[in-house]
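Here's a quick walk through one protein model, written for someone who likes cut-offs spelled out. Have a look at the fold and then read on.

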Amino acid sequence: SIVVQRSPWCCRAMPAGAGKRKDLADGEAAGTSGKKRKALKSVPAEELGEEDFEDDGEEDEVEEEIIDGEEEDDEEGEEGPKHVWRPGVDALEDGEQLDVEPGTYDMLHRAQVEWPCLSLDIVRDDLGAQRTTFPMTAYVVAGSQASRVEDNRIYMMKWSKLYKTAKDGREDSEDEEDSEDEDSEDEHEACLESKSVPHPGAVNRVRSMHQAGHIVATWADTGKVHMWSLDGHRKALDNPAHKVPQNPKPIFTCSDHTEEGFALDFSPHDTGRFLSGSNDASTFLWEPVPGGWKPGSENPFQGFKSSIEDLQWKKTGASAQSLFAAASSDGSFRVWDVREKSRKKSAINVPDAHGGPDINVLSWSPIVGELISTGAEDGSFKIWDTRHVDAGPMANFQWHRKPITSVDWHPTDETCLAVASADDSVSLWDMAVEDDAPGRDQAPGSEHFPPQLLFLHQGQKDPKEIRWHPQLPSVCVSTAASGFNIFKTCNI
């Protein structure tokens, strides 16, 4: 079954006999006080119950009790200065739990499917660009990692009625003027509709075509790359009367890679153009042809010494249509020009980019086209200017304690990016933030958070992928072993 909830860790009172609550919890607007940045936005919101849906596409709603939103703060004020929770440093004692800090989110929802999904992608829609009005609607595609091969699915999902998140009576005075509107919103519950497709094997990575969101590519753990047309499933999410194809088959399959892989990307510039990189250290450039694709397996891009972990087309800037970057477990990343006749010759090669560890992920900036971010197995992430890689990285952050599993640049804020880590957290960063608080008294533990860290989102177990929604400003969607989150923080 599929479950959707609002405010997943919403200011619940601690159980009787439990220990004290930590001050920094799931979703701390870390690093915002005393930092130079745009004014914070605080929007009142509401809480949500829960709805269940069946995997066969015939969703039956089940109403459950709304999470209690009242906080018991009897112990606050009796324990002296609060200590800021430091993930990876501080340990929870028996009876303690992390709890969300009210007011740090404008919106926060979560959803679960029967099996965890290693990968997701945003499906672009025709509802309009830069939508800021609540409730919001988002379309997402994801692929499962089931315990049995025959249970694996591709999920085409529609999230709707995504209202603002409750802040438990801590709104600013101007927000209180909208209390009547909030009361009316309390009557609504978020809705998730899903149409699933059986998938041959576990889904290592899933990507949706920019120009036609219903065309979806999947990397299977069988070593095959599949192309799917999920137009009927996408339409059925908006029109229940639309007939969903039964047990659809891939419209194209490539079996030419000698090993499985994780790296996939559709070109944002040329419809249908596509890249796939595998653990055999080769990358195929797929060219669309009548009736399918020509994968280019006879002339792959080569040069890495081991598996290709991630790749991405350049999004903007000089020669964006022809350049792509790829990261490898050999510790290097490279940039190739597809116009180059020799595919063993990369335009840029940065060996040991992180001093030895595997590079797991990378992301091109969608605004400053020459910038690229990389995330490594040692928990570090770096920012590079591809025009001056010999000068080293522009920025190097060794803050997360476990491997970086995803990085993504904000689509409209040139200095902001999201980073997911195996330390059960997603961090939001702004490279332009300056620290103007030297000498100020700060809560114990605050020194653990660098000035550029805007927000720390927690509550998901082993997050795997984070994406900014290109049509919902500053809204993030993430997937983890514990399910999906969609959220918008108060300070971005």
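First, the ground rules. This is a predicted model, so to speak of local features a pLDDT of at least 70 is needed, side-chain atom pairs count only at pLDDT 80 or more, and totals for chains, interfaces and linings use all residues. Residues are numbered from 1 along each chain as its sequence is written, and side-chain values use heavy atoms, with hydrogens and water left out.

**Overall make-up**

The protein has 3 helices and 30 strands (DSSP runs numbered from the N terminus, H or I of at least four residues for helices, E of at least two for strands). Of its 492 residues, 58% count as buried; buried means under 20% relative accessible area, exposed over 50% and partly exposed in between, with a 1.4 Å probe and protein chains only. Among contacts (heavy atoms within 4.5 Å) with a separation of 6 or more, 64% link residues 24 or more positions apart.

**Two sheets**

Here are two open sheets side by side; strands pair if DSSP finds at least two bridges between them.

S4 pairs with S5 (residues 136-144) in the antiparallel sense over 5 bridges. Cys117 sits opposite Ser144 in S5, and Asp121 has Val141 as its bridge partner there.

**The largest pocket**

How many residues line the largest pocket? The lining counts 42, with Arg207, Gln312, Asp408, Glu465 and Arg467 nearest the centre. Elements giving two or more residues to this lining are S4, S8 (203-208), S12 (261-266), S16 (308-313), S20 (359-364), S24 (404-409) and S28 (463-468). S24 gives the most, with 6 residues. The lining splits into 19 nonpolar, 10 polar and 13 charged residues; Ala, Val, Leu, Ile, Met, Phe, Trp, Tyr, Cys and Pro are nonpolar, Asp, Glu, Lys and Arg charged, and the others, Gly among them, polar.

The pocket's volume is about 930 Å³, the space filled by probe spheres set on grid points joined across faces, edges and corners. A pocket is an open set of points on a 1 Å grid over the protein atoms alone, where a 1.4 Å probe fits, with protein on both sides within 12 Å along at least five of seven lines; lining residues have an atom within 4 Å of a point.

**Asp424 and its surroundings**

Asp424 is in the loop between S25 (416-421) and S26 (425-430). Its relative accessibility is 24%, so Asp424 counts as partly exposed. Leaving aside neighbours within four places in sequence, Asp424 contacts His457, Gln458, Gly459, Gln460, Lys461, Asp462 and Pro463. The C-alpha atoms of Asp424 and Ala481 are separated by 9.8 Å, with the two residues 57 apart along the chain. S26 is joined to S27 by 5 bridges, antiparallel, and Val426 has His457 as its bridge partner in S27.
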